[in-house]
Amino acid sequence: MNADVLQRAYDRIGDLTPMLTDCGALCGAACCAPDADGQGGVHLFPGEAQALRDCEWVASVLPGAFAPVMTCDGSCDRDRRPLGCRIFPLTPARGKNGKWTVRMDARARAMCPLTGSGISGLDPDFVRAVRDALRIVAEDPEGEAFLEKWRALEEEYRKPLW
Ligand code: SF4
Ligand code: SF4
């Protein structure tokens, strides 16, 4: 994906976070803590794996379901954290009009206390910025294909097994 597109997406979110206060204080920054078995991690957008090669805080970058998945040691340089971290606990979705929008990440339910109150409980500026950032990514064909694969995987997470 074009690096300028990715940077514009980063810039659109800027310093915005899910809450106006540090939500990490609610949960001990659960989304930045490695799982007990060292699994978990964030899907990297196209181009991010290469860009993070020199980051000492990256623990691993492994093949994932549709894109590389990164784990870290929890001490990232915030200016370089992946887009998947910047948008959490939101995830790409299609609105009824077909445009890219956001919804709560189904996998976040297990760790993120913000999921209880839904999107309306998040800072509206953050929600708008994430939605805009995803639409910026979708301007790039590789970026849109990535979003579509992420969205499809998210649909799978929402299907009960029994
Ligand atoms: S798990 Fe949720 S509440 Fe905790 S730091 Fe991450 S986004 Fe904030
Ligand atoms: S890269 Fe940063 S924001 Fe993302 S999980 Fe690691 S410590 Fe948290």
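The largest nonpolar core in this predicted model has 33 residues, and Phe-45, Leu-83, Leu-90, Val-130 and Leu-147 touch the most other members. A nonpolar core here is a set of buried Ala, Val, Leu, Ile, Met, Phe, Trp, Tyr and Cys residues joined through side-chain atoms within 4.5 Å; buried means under 20% relative accessible area, with a 1.4 Å probe and protein chains only.

**Cores**
- Two or more residues each come from helix 1 (3-13), helix 4 (83-87), strand 5 (100-104), helix 5 (124-138) and helix 6 (141-157); these are DSSP runs numbered from the N terminus, H or I of at least four residues for helices and E of at least two for strands.
- Leaving aside neighbours within four places in sequence, Leu-83 is in contact (heavy atoms within 4.5 Å) with Leu-6, Ala-9, Tyr-10, Ile-13, Phe-45, Glu-48 and Val-137.
- There's also a second, separate core of eight residues, Val-42, Leu-52, Cys-55 and Cys-72 among them.

- Three strands form an open sheet in the order 1-3-2, paired antiparallel; pairing takes at least two DSSP bridges between two strands.
- Strand 1 (42-43) and strand 2 (58-62) are the edges, each pairing on one side only.
- Strand 2 pairs with strand 3 (residues 69-72) over four bridges, and a hairpin of six residues links the two.
- Ser-60 has Thr-71 in strand 3 as its bridge partner.

**Ground rules**
- Residues are numbered from 1 along each chain as its sequence is written, and side-chain values use heavy atoms, leaving out hydrogens and water.
- Local features need pLDDT of at least 70 and side-chain atom pairs count only at pLDDT 80 or more, while totals for chains, interfaces and linings use all residues.

Key:
Chains lettered and ligands numbered in written order. Buried < 20%, exposed > 50% of the residue type's maximum accessible area, 1.4 Å probe, protein only.
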